[in-house]
Amino acid sequence: MEQAERIRQMEQRLEKASAATMELSAALDKYLDVQEAIKMLSDYYGSEDWKKDFADDEAGLLPSDLKRGVLSEDGIWNLLSDCQELNVRLREAITKM
């Protein structure tokens, strides 16, 4: 491989790795910023408050224009499962480095 071509290839690798590193860093910052919210959702899901809110929704006692994704039986569960999977992937990625 000629010197100029090698430098071009290495430059491409540098640019690609730099962009991916910056994107991952920004995404990780966002994920870390929502950890308290995730904990609060975890505590809420299945709590007496959640059960009452769910029952009141089923009884039609909540405003019809109220967003209620947190009251779906899968909404919070899916998020918590996704977070668990992501945490496992992060741990595995760290051990491979």
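Residues are numbered from 1 along each chain as its sequence is written. In this predicted model, local features need pLDDT of at least 70 and side-chain atom pairs count only at pLDDT 80 or more, while totals for chains, interfaces and linings use all residues; side-chain values use heavy atoms, with hydrogens and water left out.

Colleague: Which residues are buried in helix α3?

Modeller: Helices are DSSP runs of H or I with at least four residues, numbered from the N terminus, and α3 covers residues 48-58. Buried means under 20% relative accessible area and exposed over 50%, with a 1.4 Å probe and protein chains only. By that cut-off, the buried ones are Trp-50, Asp-56 and Asp-57.

Colleague: Why do the buried residues of α3 line one face of the helix?

Modeller: Take the directions from the helix axis to the C-beta atoms. The face turned away from the buried side carries the exposed Glu-48 and Glu-58. The buried residues line one face because, seen down the axis of α3, they fall within an arc of 130°.

Colleague: What do the buried residues of α3 pack against?

Modeller: Contact here means heavy atoms within 4.5 Å. The partner of these buried residues is a helix spanning 35-44, namely α2.

Colleague: Which helix supplies the largest share of the lining of the largest pocket?

Modeller: The largest share, three residues, comes from α4.

Conventions: Helices (H or I, at least four residues) and strands (E, at least two) are DSSP runs, numbered from the N terminus.
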